[in-house]
Structure formats: C-alpha cells, structure tokens
Amino acid sequence: MICPNATSPRSRRAATPPSRWLVDGLHAEKGVTTHYEREAILNRMMAEVAQQVIAVTDSSKFGRMCLHKIIDLDELDVLVTDTGAQES
C-alpha cells in the first residue's frame, strides 16, 4: 500500500493522538517552559503533529519562566490545573 503524502504535517496530525505533558512554567511572554532541554525539544516536536495540545500543571507554575521554551501559550488547546488558578 502506498500513501503518497503520509509524511506531510497534515497527515501526521490527523493520525496522531493528543499530546499531553506536565510543565514547569507558564508565562504570558515566555510561554510553556521546562527546566530540561531534551524534554522541551521532544514536547515541541509532539505538539507540532498532535491533534490537540494539552498541558497539565498546578497554579504554582503560573508566571514562572524556565530556561527551555516548549510552545507559546496560544498554541495550547487545553490547560488542566488546580482550583488555585485564577482565570484570565
């Protein structure tokens, strides 16, 4: 079986489940961040092809910046957090 466009970003996105990760920092300007470079690289690659991008973190990470950026906040589809977070 031949799939001519099987490696295109659109076809990969259609065949990829949601990408979910725990994050170390959420900052309005810096975006979603982590302390670990390899984790940031891998999570960024998964976000590029995922149908849906979901971040899981507690409210203590809001406003925190870590060294390695994963994605911008506007690239998140869902943010799962605790009741200590304020909506804005």
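## Terms and model

Two strands pair if DSSP finds at least two bridges between them. Strands are DSSP runs of E with at least two residues, helices are runs of H or I with at least four, and both are numbered from the N terminus.

This is a predicted model, in which local features need pLDDT of at least 70, side-chain atom pairs count only at pLDDT 80 or more, and totals for chains, interfaces and linings use all residues. Residues are numbered from 1 along each chain as its sequence is written, and side-chain values use heavy atoms, leaving out hydrogens and water.

## The sheet

Strand S4 covers residues 53-56. It runs parallel to S6, joined to S6 by 3 bridges. Val-56 stands opposite Val-80 in S6.

The open sheet has 3 strands, ordered S1-S4-S6, with parallel pairing. Strand S1 (19-22) and strand S6 (78-80) each have a single partner strand, so one side of each lacks a neighbour in the sheet. On average, neighbouring strands of this sheet are turned by 20° against each other, direction ignored.

## The helix across it

Helix H2 spans residues 37-49 and lies across S1 and S4. H2 runs at about 155° to S1. Such angles run from 0 to 180 degrees between N-to-C directions, with axes fitted to C-alpha atoms, for helices over the stretch in contact (heavy atoms within 4.5 Å).

## Asp-24

Asp-24 sits in the loop between S1 and strand S2 (25-27). Asp-24 is buried (under 20% relative accessible area, 1.4 Å probe, protein chains only). Its side chain makes a polar contact of 2.7 Å with that of Thr-34 (N or O atoms within 3.5 Å, one able to donate a hydrogen and the other to accept it; residues adjacent in sequence count only if both atoms are side-chain atoms).

Notes: Buried < 20%, exposed > 50% of the residue type's maximum accessible area, 1.4 Å probe, protein only. Lys, Arg positive; Asp, Glu negative; His and termini not counted. Salt bridge = Lys/Arg side-chain N within 4 Å of Asp/Glu carboxyl O.
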